[in-house]
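Open the model in your viewer and keep the sequence panel beside it. The stops below are meant to be selected one after another.

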Amino acid sequence: MARQLRFNGTGSGEGGCPAVHEDLDSGEILVHGPPLEDPADIAQLKHLDEGEVAVVVPRNTLVDFGPRDERPRIIDLDAFGRLFERFEHTAWRLETRGRYASDEATTTYAQFLAGEQPTWDLHTPWSETIRTKTSNGARVERVRVVDSPATDGQRYLSAHVAKNAALGEDIRNISRVGAEQNELGAEDFWIFDSRIVAILRFDEDDRFTEVELVTEPARVLRYVQLRDVARHFAIPSADFPLG
């Protein structure tokens, strides 16, 4: 079935190339223009997959004619996982919840509740990815909001710092009162290279449900500002009294 396309505008001023169209059914954006052909230029492009081509589009084409869609952009778990594979410099997370249902389904959580030292698996795909990133100089950091007294879920995450540290992560804590005083909000999110935000959504039973991807610069900046505030007031987890 052919796409239902809407012409959004052109950057040429004459109704020709380059131009922007919107797929009215899927919301996908189609851009056409002169191809990028210089091999030296193409070699500099990152994440250009096989079968993909690059086209040259003036900035004003996207600024002036790119559609503004306020609907959240939801990505699947595979796309979320690729963000950790592709970031280059920094991955930073704010964790705000008192519990995470996914933690409670693990063997290590059962060990923790039994008063045992959890046995961490440092060779999962996630662990290998993070260790490779930090070994190559990237920074992976988290700030965790902790209640007073800390919940069982937060105490488990405190024990989990041993695994985080073994993979090269930097983990810091801030009190719930401090987070509220500094208006950090209640969202859990990751920031990748200060340009991509992944907001983690949960249901009323603290079960992880979906990921919203944010790339619009003004929105990304708001989360980067929250990160800077959290970094300023959080302290190393080893120095944080759980109460």
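Predicted model: local features only at pLDDT ≥ 70, side-chain atom pairs only at ≥ 80, totals over all residues.

Residues are numbered from 1 along each chain as its sequence is written, and side-chain values use heavy atoms, with hydrogens and water left out.

**Stop 1: the sheet**

Show the cartoon and find the open sheet of 8 strands, ordered β4-β10-β9-β8-β5-β6-β7-β11 with mixed pairing. Its edge strands are β4 (73-75) and β11 (235-236), each pairing on one side only. Helices (H or I, at least four residues) and strands (E, at least two) are DSSP runs, numbered from the N terminus. Two strands pair if DSSP finds at least two bridges between them.

Now select β8 and β9, which pair in the antiparallel sense over 5 bridges. Phe192 stands opposite Ile196 in β9.

**Stop 2**

Which residues here have a positive phi although they are not glycines? Asp193 has a phi of about 55°, and Ser194 has a phi of about 60°. Asp193 is placed in the loop between β8 (188-192) and β9 (196-202), and Ser194 is in the loop between β8 and β9 as well. Asp193 counts as buried at 15% relative accessibility, whereas Ser194 is partly exposed at 35%. Buried means under 20% relative accessible area, exposed over 50%, and partly exposed in between (1.4 Å probe, protein chains only).

**Stop 3**

Select Glu95 in strand β5 (residues 90-95). Glu95 is buried, with a relative accessible area of 4%. Its side chain makes polar contacts with the side chains of Arg142 (2.7 Å) and Arg144 (2.6 Å). A polar contact is a pair of N or O atoms within 3.5 Å; within protein, one must be able to donate a hydrogen and the other to accept it, and residues adjacent in sequence count only if both atoms are side-chain atoms. Not counting residues up to four places away in sequence, Glu95 touches residues including Tyr100, Leu157 and Asp188; contact means heavy atoms within 4.5 Å.

Move on to Thr96, in the loop between β5 and α4 (101-104). Thr96 is buried, with a relative accessible area of 4%. The side chain of Thr96 reaches the backbone oxygen of Ala186 at 2.8 Å.

**Stop 4: the cavity**

How many cavities of 30 Å³ or more does a search of the whole structure find? The search finds 1, and the largest cavity has a volume of about 80 Å³. Of the 13 residues that line the largest cavity, the closest to its centre are Arg144, Val146, Gln154, Leu157 and Asn173. On a 1 Å grid over the protein atoms alone, a cavity is a set of points where a 1.4 Å probe fits but cannot get out, and lining residues have an atom within 4 Å of a point. Grid points are joined across faces, edges and corners, and a volume is the space filled by probe spheres set on the points.

Colour α7 to see the element that gives the most to this lining, with 4 residues.

**Stop 5: a cis peptide bond**

Finish at Ser148 and Pro149, joined by a cis peptide bond with omega about 0°. Pro149 is found in the loop between β6 (139-146) and α7 (152-166).

Conventions: 1 Å grid on protein atoms, 1.4 Å probe; cavity = no way out; pocket = protein on both sides within 12 Å on 5 of 7 lines; lining within 4 Å.
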